[in-house]
Amino acid sequence: MNELTKKITDRAGFHTSLLQAWFSIEDECVSVWEQESLELVYFNATSLRIFRYDSEEEMHRQHQFFCFACDGPRDTLKQTIKAALDIHGQWEDEVVFFRNDGSRFPGMLTIVRFSFNGTEYLLNRVINIEDRKQMESNLLRENQRFEALFQYASIAIMVVSEDGNIILANKHATRIFGYTDTPMTGLKVEELIPGRFRENHRHYREKYTAHPQNRPMGTGIDLFARRKDGSEFPVEISLGHYQAEEGRLVIAFIIDIT
């Protein structure tokens, strides 16, 4: 412990103020239980609100330590928690809690064991993750919609990295380029360009990466692509770009205009 920490924490009332600050955090339910009897000793105001009790007396009387669902037998869960407490002093898991009105909510439960005046207690910390779960569910739905649009679009769509590697290619792209039995991901986009145009394409790609803009290509210009078997076909291409964690990505929409 450094001198500054010691100076602060040795002050009278510091620990009391620290506990009061922690217990007042919104959306964090904190409760204390006597380990042997599992009697509720303390709970904060957030617990009362989240678990939807009308009064402190009602919560003291009705709230149960195991107010959450478990996948297997309750006795097995008790043994699992006890073993974790014996070894690590705490247990943590994502569970579904029951409210007083019968509704449920997902939460992260942390149980920590501590002693005071020779008695063992359990401190329960519950974080309501309802909003996070809803966000994850919405994101999953959006990803599924994108996947459906991407894979079953009637034009070829490819996503290419700044250095020209193909990151994604939809089913229509693999079909028109003849890669139905071989992955296109990892290929250089220049492999889809006829040999006589590759060097110029590499130059144009680097120029586009440096100054990207959404634009159509091929209108009034003869553009050709190369299939896996070496045959060529005329195309029209529209380019877009977006920023991702792995860098700037280019998305190409390709139409076979044979």
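Glu 232 has a relative accessibility of 35% and therefore counts as partly exposed. In this predicted model, Glu 232 forms a salt bridge with Arg 196, with the closest N and O atoms 2.8 Å apart. The pair joins distant parts of the chain, since Arg 196 lies in the loop between H7 and H8 whereas Glu 232 belongs to strand S10, 36 residues apart. Arg 196, at 53% relative accessibility, counts as exposed.

A further pairing involves Asp 181 and Lys 228, whose side chains meet in a salt bridge (3.4 Å, N to O). Asp 181 sits in the loop between helix H7 (171–176) and helix H8 (198–210), and Lys 228 in the loop between strand S9 (223–226) and strand S10 (232–244). Asp 181 is exposed at 63% relative accessibility, and Lys 228 is partly exposed at 34%. The structure holds 12 salt bridges, and a network of them links Glu 94, Arg 132, Lys 133 and Glu 136.

Within helix H5, Lys 82 and Asp 86 are four residues apart and so are separated by about one helical turn; their side chains form a salt bridge (2.9 Å, N to O). Lys 82 is among the residues closest to its centre, together with Gln 35, Lys 78, Leu 85 and Leu 122. Helix H5 (residues 74–88) gives the most to the lining of this pocket, with six residues.

Methods. Residues numbered from 1 in each chain as written. Predicted model: local features only at pLDDT ≥ 70, side-chain atom pairs only at ≥ 80, totals over all residues. Heavy atoms only, no water. 1 Å grid on protein atoms, 1.4 Å probe; cavity = no way out; pocket = protein on both sides within 12 Å on 5 of 7 lines; lining within 4 Å. Helix = DSSP H or I, 4+ residues; strand = E, 2+ residues; numbered from the N terminus. Salt bridge = Lys/Arg side-chain N within 4 Å of Asp/Glu carboxyl O. Buried < 20%, exposed > 50% of the residue type's maximum accessible area, 1.4 Å probe, protein only.
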